[in-house]
Amino acid sequence: MLLLGIETSCDDTATAIVRDATTVLSNVSTNQDEFHARYGGIVPEIASRRHTALLSAAIEDALGRAKTPLADLDGIAVTAGPGLIGSLVVGVAAAKALAFAINKPLYAVNHLHGHIFAAFLDDPEPPRYPFLALLVSGGHSQLVAVESPLEMRILGKTRDDAAGEAFDKTARLLGLPYPGGPQLDALARDGDPSAIRFPRHRPDPGTLDLSFSGLKTSVRYFLESERGKSARPADVAASFQAAVVDILIDRLDRVVTQNRFELAVLSGGVAANSALQRAFRAWGERNDIRTVIPPPRYCTDNAAMIAAAADRQGAAVRSNPETLGADPNLSFIFPRISGE
Ligand code: KG4
Ligand code: ZN
């Protein structure tokens, strides 16, 4: 299947042409960081206006780079949620109009499913089910057992901040420019991860759930303390990052005491983090689990992953271009995932 993917759930205006859920013929993404940086975070109204300005050109660009005429497409895949409503609406409206105009199927994709299937882009080997996905992005942190493209179980999730949100907020405390996650990662490279022992909070020991807001607050208190005022920012960054990584690896260790997986994927924007990548690979080796980490262009928001998820889920996510709506809280289009 040859699909055009459209992703506008947050602040990246992204389009892609993907064949058979794996071969990426083009992958176009325009980030809007320069428009949001001065506010220290994403301003939803600015995000949707930028999508409106950029999306038509981004669609043409993806088709042009892939040398694909519209008529060759087998369908259009679009993120229908979760995300910022104004941003989602722009992508969904464009996808509906295009599907209607060229009379091709429309597929409505859950953004989180996109992150999960991003792991198999450019990979000729199909995923073997079940596999485990650690999904860590700016909006979500979840451990998901993926039984099939249409059956997933959430094993644990964050009770408060997402991992990426914790990175961004902590980066801000350190005075780093937006977006903070990659900046903090870079700063941490010169730091000592054992310089400060930040707490590794476990919100509910009976579950595999996560919590990051206490960690961020600990960093704030530390920076306000006498010791914090003279601490090296690189050491604070590295120590914070080590705490996030330890929390995530602890939950992975617990998962494998209860479930057997042969494959685990790391996905979402925070999957680009160098310390987490190293720890995740080492965890896989210790437990004899094959690990897959998509390259950075597929870790952060992109449209290739949306086309890939639509292809793998097929008819189950096919939607009517006259009635499809965007849903900011979309837990799942299909199937209903247990644990949500
Ligand atoms: O998946 P994504 O692009 O958007 C959402 O769906 O949320 O994730 C963006 C998040 C941001 O919080 C960003 O700071 C974080 O991923 N991020 C990183 C790194 N690269 C991106 N966090 C830590 N280290 C990185 N290298
Ligand atoms: Zn995302």
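Colleague: Which residues coordinate the zinc ion (ligand 2)?

Modeller: Keep in mind that this is a predicted model. The zinc ion (ligand 2) is held by NE2 of His 111, NE2 of His 115 and OD of Asp 301, at 2.0 to 2.1 Å. Along the chain the donors are spaced H-x3-H-x185-D. His 115 sits in helix 4 (residues 111–117), while Asp 301 lies in the loop between helix 11 (296–299) and helix 12, so distant parts of the chain, 186 residues apart, are linked by this pair.

Colleague: Are His 115 and Asp 301 buried or exposed?

Modeller: Both His 115 and Asp 301 are buried.

Colleague: Why is the arrangement around the zinc ion (ligand 2) irregular?

Modeller: Look at the angles: the 4 donor atoms subtend 94 to 140°, and that makes the arrangement irregular. To count as tetrahedral, four donors need all angles between 85 and 135 degrees.

Colleague: On to the sheet, then. What is the order of its strands?

Modeller: The general idea is that strands of a sheet pair through backbone hydrogen bonds, either parallel or antiparallel. Here an open sheet of 6 strands runs 3-2-1-4-5-11, with mixed pairing. Strand 3 (23–31) and strand 11 (318–319) are at the edges with a single partner strand each, so each has one side without a neighbour in the sheet.

Colleague: How many bridges join strand 1 to strand 2?

Modeller: Strand 1 (residues 2–7) and strand 2 (residues 12–19) are antiparallel and joined by 6 bridges. Leu 4 stands opposite Ile 17 of strand 2.

Colleague: Which strands does helix 3 touch?

Modeller: Helix 3 (residues 85–102) packs on the sheet against strand 1, strand 4 (75–81) and strand 5 (106–110), its direction making about 155° with that of strand 4. Helix 12 (residues 304–313) lies across strands 1, 2, 3, 4 and 5, at about 125° to strand 1.

How values were computed
Residues are numbered from 1 along each chain as its sequence is written. Chains are lettered from A and ligands numbered from 1 in the order in which they are written. This is a predicted model: local features need pLDDT of at least 70, side-chain atom pairs count only at pLDDT 80 or more; totals for chains, interfaces and linings use all residues. Side-chain values use heavy atoms; hydrogens and water are left out. Two strands pair if DSSP finds at least two bridges between them. Helices (H or I, at least four residues) and strands (E, at least two) are DSSP runs, numbered from the N terminus. Contact means heavy atoms within 4.5 Å. Axes are lines fitted to C-alpha atoms, for helices over the stretch in contact, and angles run from 0 to 180 degrees between N-to-C directions. Donors are N, O and S atoms within 2.8 Å of the metal (3.2 Å for Na, K and Ca); water is not among the atoms, so sites may look incomplete. Four donors count as tetrahedral if all angles lie between 85 and 135 degrees; four count as square planar and six as octahedral if opposite donors are over 155 degrees apart and all others between 65 and 115; anything else is irregular. Buried means under 20% relative accessible area, exposed over 50%, partly exposed in between (1.4 Å probe, protein chains only).
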